[in-house]
Amino acid sequence: MIEVILKKGKEKAVLHKHPWVFSGAVERVIGKPENGDIVRLVDAKGQFMAYGFYNDQSRVALRLLEWDENVAIDEQWFRGKVAEAVESRQKDILVDGVTNTCRLIFSESDYLPGLIVDKYADHLAVQVLTSGIEKNLAVIIDELQKLLNPASIFDKSDASSRTHEGLDTKNIVLAGIHPPERVEVKENGITYNINIAEGQKSGFYCDQRENRKILAAYAKGKKVLDCFSYTGGFTLNSLQNGAASVSSVDSSVLAVETLKENISLNKFDTTKVTAIPSDVNKQLRKFREEGELFDIVILDPPKYAPSRSALDKASRAYKDLNRLGMLLLNKGGLLATFSCSGAMDMETFKQVLAWAALDAGKQVQFIYQFCQPEDHPVRSSFPEGEYLKGLLCRVF
Ligand code: SAH
């Protein structure tokens, strides 16, 4: 097996079982590995440290898989990791009354760097973000078929991070049929139509499952504004819990159309919902000019900070958005605000909200902290896996 020698002084993260080795930490490669090959990482004295996927095109030269020298990274190893991840979801999440849609495999957090698998009822959507997973995909797909026997497995590898690994984007059937245009899933007792091939992400934002439920408990009799509504996750949960009205705003016309479909699908009162295909920043300013106020404002924007270097600019964007949200609340109203930027931690997010409150001339109480659900676990040795956070704020 090809050996990669780590630079002296770079051992700490590897010993702490962090799964990334940056290219700058590599002293030398003995031999000529292909991208995606499994290599042996050794320290400067030649002592074994870990096995990992190699890639010379990525900033992350090695993605570590195993720290025990005696464990072989073979077909059985991949099958074992897939099975462990799937079984944990089957036990805790894929149960009656909760949901039939969830993230089955969450990349590094499930010890499979670069592999995302989402389940939508009887269909699976896969994203392959590393050349190492790409090379071992056949056995992974075979194991998924053995465990779940899905109607379809669709490769939705259109994520931009693939290009950093020198991989093309893809949109192909890996097994079974082409996923139908509409797949019905159930979450918190609500039915959603999912378009796996055309929808955003792999079709649905199942990472907000718990947060939708928690927030909806406050919605009874309330006038709600759901910003960045996508196909209606927060809108539908609010209606189910007796919201008086919901205004839902998203710039994607396809998302807004699907939201309307979902309202009918669940037989909710369509007269209670105003679905607005618009830019949120524009729409919030329009509401402000019209003097419109709400009891609950939800802000669930896309990732503003793709990296740490983008954090300053992103913080200003989060601040401006939240300032506008606060200004549209009745006194004592609730702001549910999220950030899915991994680069922004909870402390920084709280500071951004404090800044927004000052600019808006408001007082804010943090009354609840939202996080990502158990099918998006955070591995203790990989804090980068934590990305979704939110705050429920009472605004005076
Ligand atoms: N709250 C949703 C998920 C939101 S994902 C749920 O529970 O499912 C972010 C959404 O923001 C996407 O649907 C995207 O279309 C939308 N979006 C991105 N930029 C936008 C903008 N400037 N104005 C309005 N919507 C935007």
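How do the residues of the lining of the largest cavity divide into nonpolar, polar and charged? Five are nonpolar, five polar and two charged. Here Ala, Val, Leu, Ile, Met, Phe, Trp, Tyr, Cys and Pro count as nonpolar, Asp, Glu, Lys and Arg as charged, and the others, Gly among them, as polar.

Before the details, the ground rules. This is a predicted model, where local features need pLDDT of at least 70 and side-chain atom pairs count only at pLDDT 80 or more, while totals for chains, interfaces and linings use all residues. Residues are numbered from 1 along each chain as its sequence is written, and side-chain values use heavy atoms, with hydrogens and water left out.

Back to the cavity. A cavity is a set of points, on a 1 Å grid over the protein atoms alone, where a 1.4 Å probe fits but cannot get out; lining residues have an atom within 4 Å of a point. There is one cavity of 30 Å³ or more. The volume of the largest cavity is about 40 Å³, counted as the space filled by probe spheres set on the points, with grid points joined across faces, edges and corners. Its lining includes G36, T130 and E165. Two or more lining residues come from each of β5 (48-54), β6 (60-66) and α3 (131-135). β6 gives the most, four residues. Helices (H or I, at least four residues) and strands (E, at least two) are DSSP runs, numbered from the N terminus.

Next, helix α7, residues 233-240. Seven of its eight residues are buried, so α7 is largely enclosed by the rest of the structure. Buried means under 20% relative accessible area, exposed over 50%, and partly exposed in between, with a 1.4 Å probe and protein chains only. Among the buried ones are F234, L236 and L239. G242 follows α7 and has a positive phi, near 85°.

Most residues other than glycine have a negative phi. S107 has a phi near 50° and is in the loop between β7 (101-106) and β8 (115-120). K267 has a phi near 60° and lies in the loop between α8 (253-265) and β16 (273-277).

Which of these is buried, and which exposed? S107 counts as buried because its relative accessibility is 9%, whereas K267 is exposed, at 74%.

Last, I367. This residue lies in strand β19, residues 364-371, and counts as partly exposed because its relative accessibility is 34%.

Notes
On a 1 Å grid over the protein atoms alone, a cavity is a set of points where a 1.4 Å probe fits but cannot get out, and a pocket is an open set with protein on both sides within 12 Å along at least five of seven lines; lining residues have an atom within 4 Å of a point.
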